[in-house]
Amino acid sequence: MNDITSKARIGFIGLGIMGQHMAAHLLVAGHPLAVYNRSPDKAAALVAKGAVACANPAQVAQQSDVIITMVGYPSDVEQVWLGAEGIIAHARHALLIDMTTSSPALAKRLAEESAKAGHQAIDAPVSGGDVGARDAKLSIMVGGEASAFDKALPILQLMGANIVHMGGAGAGQHTKMSNQIVIASSIMGVCEGLAYAKGAGLDSAALLQCIGGGAAGGFQLNVMGARIAKGDFAPGFFIEHFLKDLGIALAEAENMGIDLPGASLARKLYNEMADKGQGRLGTQALFQLYMAGV
Ligand code: NAP
């Protein structure tokens with residue numbers, strides 16, 4: 001299977017904030033690339049660099065050895081993988097990789113359906129944000145058979161810097177849920193700390209320089225905090241996608257009999273924002289909710 005990695009023809013479906021950058025790295029590495037996105041205009045930049053635009057997932061599947069999906073919601077993943085024009089039905093003994101943040105149960109089902117059709121499948125969601133995708137520094141958490149992980153690894157290494165095989169099908173998505181649970185309380189803490197500092201009349205840039213290098217430092221404070229300080233609430237990561245993730249994580253936790261008060265509170269606060277029509281802002285816009293009463 002060495003050819004899968006060196007000369008593999010790769011298909012990429014879902015060219016949004018993340019997929020756009022991730023697919024570009026594959027093209028730069030010299031892989032023939034077939035692409036498809038629901039809104040076709042998002043394929044234009046990659047096509048200009050040599051990718052082949054396809055009209056549906058089936059066309060991508062027919063010309064690819066490895067097919068990667070990075071769409072929005074589990075329902076999008078189902079459509080692209082299991083639909084009549086989907087990749088399972090139209091791929092030819094391919095390696096299928098879902099990098100969308102989606103449900104562990106769906107990841108298991110996709111692995112089973114893929115195996116029945118003669119494909120291998122892994123779930124490989126990511127962390128590291130739009131910056132990590134742009135810089136090929138993503139953390140990638142993988143669920144699936146070891147042999148599929150080994151085949152995928154050289155391709156995943158073109159997009160990520162920290163790639164871990166977490167277990168069987170669904171283990172990647174469970175790992176991503178754990179990641180999102182950590183982020184839920186972290187981003188609330190960042191917004192609270194910055195709201196407090198503003199109330200105390202402190203300079204936000206100086207604050208970040210000071211506490212960003214101490215025990216509070218990390219991606220949420222250093223990257224999202226810096227966006228808050230600049231008044232930049234544009235999406236690196238959509239609130240509506242975070243609500244999707246928190247819904248999956250809280251449902252899985254309930255099945256396990258585990259209470260997650262931090263994630264529950266984050267979902268309540270982000271729901272308030274979505275109800276006000278702010279679901280397409282970035283998650284750092286939660287700061288606006290903390291400042292709303294000031
Ligand atoms: P995004 O900008 O909305 O990208 C998703 C893309 O998939 C969109 O361009 C969308 O098309 C396309 N798409 C959706 N359904 C499709 C379908 N059925 N067929 C073809 N294309 C379809 O979102 P993103 O920020 O890149 O995130 C992608 C996934 O990664 C999400 O699951 C998200 O939770 C996860 N994630 C995001 C980040 C982040 O920081 N942004 C970090 C880690 C993980 P349209 O253009 O028509 O909408």
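1. In this predicted model, T101 places a backbone N or O atom 3.3 Å from an oxygen atom of the ligand.

2. On its own, the ligand has 890 Å² of accessible area, of which the protein covers 94%. The ligand is surrounded by 28 residues. Closest among these are S39, K42, G72, G236 and K244.

3. A separate point concerns helix packing. Two packed helices are described by the angle between their axes and the distance between the axes. For helix α11, residues 204-211, and helix α12, residues 219-229, the axes come within 10 Å of each other and cross at roughly 170 degrees. Because angles over 145 degrees count as roughly antiparallel, α11 is roughly antiparallel to α12.

4. Which residues make the contact between these helices? On the α11 side they are S204, L208 and I211; α12 contributes L221, G225, A226 and A229.

5. As to residue class, the contact of α11 with α12 comprises five nonpolar and two polar residues. No charged residue takes part in this contact.

Definitions and conventions. Residues numbered from 1 in each chain as written. Predicted model: local features only at pLDDT ≥ 70, side-chain atom pairs only at ≥ 80, totals over all residues. Heavy atoms only, no water. Axes fitted to C-alpha atoms, helices over the stretch in contact; angles between N-to-C directions. Helix = DSSP H or I, 4+ residues; strand = E, 2+ residues; numbered from the N terminus. Parallel < 35°, antiparallel > 145°, perpendicular 65-115°, else oblique. Contact = heavy atoms within 4.5 Å. Nonpolar A, V, L, I, M, F, W, Y, C, P; charged D, E, K, R; others polar. Near = heavy atom within 4 Å. Polar contact = N/O pair within 3.5 Å; in protein donor to acceptor, adjacent residues only side chain to side chain. Areas by Shrake-Rupley, 256 points an atom, 1.4 Å probe, with all protein chains shown as cover.
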